[in-house]
Every structure is written in structure tokens, then in C-alpha cells.
Amino acid sequence: MKWSYRIGTVAGTEIKVHVTFLLLLAWYGFSAWRAEGASAALASTLFLLALFGCVVVHEFGHILMARRFGVRTPDVILLPIGGVARLERIPEEPRQELSIAIAGPVVTLVIATALWGWLRLTGQSVTLSALTLERGAFVTRLMAVNLWLLAFNLLPAFPMDGGRMLRAALASRLGVLRATRLAGTIGQMLAVVMFLVGLRAGAELLALIALFVFLGAGAEMSAVETRVIGQGLRVSEMMVTRFHTIPIHATLAQVVDLLLSGEQREFPVVDNLGRTEGILTRDNLLRGLRERGPESIVAEAMTAPAPTVSPTLAFDEALHRLRSSGLPALPVVDGGGALVGLLTMDNISELLLVRRARAAR
């Protein structure tokens with residue numbers, strides 16, 4: 001996901017934070033500071049960090065359960081609406097996905113129960129009237145928010161855990177793709193209702209959450225559709241095999257001629273022995289022309305070293321590497337180190353469009 005930054009790695013899973021989460025943290029602290037001063041801002045910030053610590057633990061409930069079924073989780077991203085653990089694939093058995101989806105709420109329930117036990121052991125009263133989100137003791141509020149998150153996550157709509165449970169229940173009869181579309185549509189309908197209620201009640205946070213739910217449901221539907229349509233594909237079936245390479249000592253003026261004479265926008269850069277040294281994108285070229293001039297050489301403007309992919313790499317992993325690189329294309333290199341193709345987002349998109357049209361027929 002764009003605008004996400006890694007803050008650490010736990011048991012092979014990267015923990016990333018989205019910039020909107022940082023904005024929420026800043027807004028939450030600033031609001032408290034403006035209302036009650038610096039001590040309130042610090043307390044509010046610490047509370048929000050503790051809450052999202054609980055969210056991370058919740059997500060690792062999903063992650064550890066997924067590992068039991070052989071499903072890796074490359075990363076988990078913290079968003080204003082919670083965390084999103086990205087599974088490398090959807091389990092083939094709906095019962096496995098159901099187990100993975102349930103694991104997170106179970107962890108949240110355990111956290112809330114542990115906090116309740118701590119309150120009882122320390123002699124603090126725990127009543128329903130005391131469970132408020134805005135006021136009260138730190139631990140009491142944290143327990144209240146965890147209970148609220150538990151209820152919210154169990155709503156039968158994407159992208160919440162309840163929506164994944166619904167998708168798992170539907171998938172055995174409708175298949176993963178149709179089940180995802182139905183669960184996602186329900187999630188978006190719920191988000192519209194939440195957004196309207198939030199606007200009518202003046203609850204900006206609820207409206208913001210609704211917006212993220214709507215976008216999350218749409219993103220999940222699109223991601224699953226892409227994954228299903230691309231199932232079984234390898235890089236060798238997706239890559240461009242007719243392309244130009246550029247010598248590392250060529251001038252940018254020579255690349256301009258290649259750019260204007262055809263449709264290729266990204267050029268693998270090779271040395272005298274044909275080994276891949278990097279990649280020159282259109283943005284690299286324009287920046288090089290602007291900063292160094294047309295007579296500067298490719299080596300000064302290219303992205304190096306460029307990540308490479310194997311022609312035998314599976315669709316999901318190849319797409320993830322391409323997106324993670326931030327580049328529009330990656331060189332495809334075989335086991336012997338020879339450049340055999342170019343993996344581009346445009347070519348992948350066109351291939352998926354063709355497969356989608358065939359599937360619809």
C-alpha cells in the first residue's frame with residue numbers, strides 16, 4: 001500500500017504504519033493539547049499508542065493462525081481504522097479462512113478479559129456505566145475500546161473480520177470471487193449508512209471510519225479479483241519479451257530517440273557483457289535531462305541496482321515485488337543471469353483484462 005512505512009519486523013512479518021495513522025495520532029494529541037494542555041496531549045497519545053498495540057496483537061492472532069495453514073503474512077499495516085494483515089493468499093478451504101478470521105477477535109476478547117481481570121485484582125470497580133471511551137482510568141478506557149473494537153470487527157461486512165467470516169461461509173457455495181463481491185458490497189452499503197449517520201450526528205470520526213471501510217471493501221474486492229484471475233500465472237507468461245536494452249554508457253539523447261520511436265517507456269540497462277546493471281524509467285530520463293543535460297550518460301540517471309524477478313516466479317509474489325519496488329517495470333533474469341524479459345504493470349493489466357474477458361464469456 002502506498003504511503004506506508006516500515007517501523008519494525010516481528011517473526012518475519014513487517015509492521016508498517018500508514019501516513020494517515022500518523023496524522024490521526026497528531027490530530028488526537030493536538031486536540032487534547034488545545035483542550036487541556038500538554039499533560040492531556042501526552043496521555044491521549046500514549047492511550048492511542050496502547051490501543052494500536054492491542055490492534056497489532058489482534059493482527060498477530062490472524063497471522064499465527066494463518067501460519068498453521070501454511071499461509072505467510074508479509075506485512076501488517078496500521079491504519080486509522082485498525083490493522084490490515086496482508087495474507088500471501090486466501091486459504092483454499094473456507095474453514096481455514098474462517099479460523100484465521102476468528103483468531104483476531106478471539107485475541108481481542110482475551111485482551112479485554114485480561115484488562116478486566118487486572119481491574120478486579122486491583123480493586124477497581126468495573127460496571128457498564130464506567131465503560132466510556134472518553135473519560136475514566138487508562139485501563140478501564142482501554143478495555144472499553146477493545147470491547148467496542150470486538151463488536152465493530154464482528155460486523156458481517158468487509159473489510160472487518162465479520163466480513164471475512166461471511167465470505168468464508170459463502171465461499172463454499174459461491175466460490176471465492178462471488179463471495180468476496182457479495183461481502184464487499186455489503187461492507188460498502190454499511191459504510192454508506194455509517195457515513196450518513198456520522199454526518200447527521202456531527203460525528204466526524206465515524207464518517208472517517210466509514211470512508212475507510214468503503215475504500216477497504218473496494219480494495220479487497222479488486223485485490224481478490226486480481227488474485228483469482230491471475231491464479232496459476234508465472235512471470236514467463238506475463239513479461240514483455242520484445243524490448244530494447246540500453247548500454248550503460250549510452251547518452252540520454254540516444255534514449256530519447258528510442259523513447260519517441262516506440263511504445264517502450266522503461267529500458268533495462270546492461271554492461272558490455274549483457275549483464276543487467278539497472279533500469280532507466282521515463283521519470284529517470286526526464287530528471288536526468290533536466291538536471292544533467294542530454295549528453296550525460298545513462299549510468300548517471302538510472303535506478304541501480306534494480307530488483308530483478310525470475311521467470312518462474314508466481315503471479316502473487318511477482319506483483320507484490322513490482323508494487324513494492326516503486327518502479328513501473330522490473331527486469332526478468334533467468335537462473336544463469338541472462339536478461340530474458342521485462343515485467344511491466346501495463347502488460348500485467350492487459351493480460352488480466354484478457355483473462356477477465358475470457359472468464360466472463
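The legends below describe close-up views of helix packing in a predicted model.

In this predicted model, local features need pLDDT of at least 70 and side-chain atom pairs count only at pLDDT 80 or more, while totals for chains, interfaces and linings use all residues. Residues are numbered from 1 along each chain as its sequence is written, and side-chain values use heavy atoms, with hydrogens and water left out.

**View 1. Crossing of helix 3 and helix 4.** The axes of helix 3 (residues 94-121) and helix 4 (residues 138-153) come within 9 Å and cross at roughly 155°, where axes are lines fitted to C-alpha atoms, for helices over the stretch in contact, and angles run from 0 to 180 degrees between N-to-C directions. Helices are DSSP runs (H or I, at least four residues), numbered from the N terminus. The two are therefore roughly antiparallel to each other, a term for angles over 145 degrees.

**View 2. Residues between helix 3 and helix 4.** P105, T108, L109, I111, A112, L115, W116, W118 and L119 of helix 3 meet V139, T140, L142, M143, N146, L147 and L150 of helix 4, contact meaning heavy atoms within 4.5 Å.

**View 3. Packing of helix 3 with helix 5.** Helix 5 (residues 161-174) packs with helix 3 at an angle of about 165°, their axes lying 9 Å apart, and that makes helix 3 roughly antiparallel to helix 5. On helix 3 the contact is made by P94, E97, L98, A101, I102 and P105, and on helix 5 by D161, R164, M165, R167, A168, A171 and S172.

Notes:
Angles under 35 degrees count as roughly parallel, over 145 as roughly antiparallel, 65 to 115 as roughly perpendicular and the rest as oblique.
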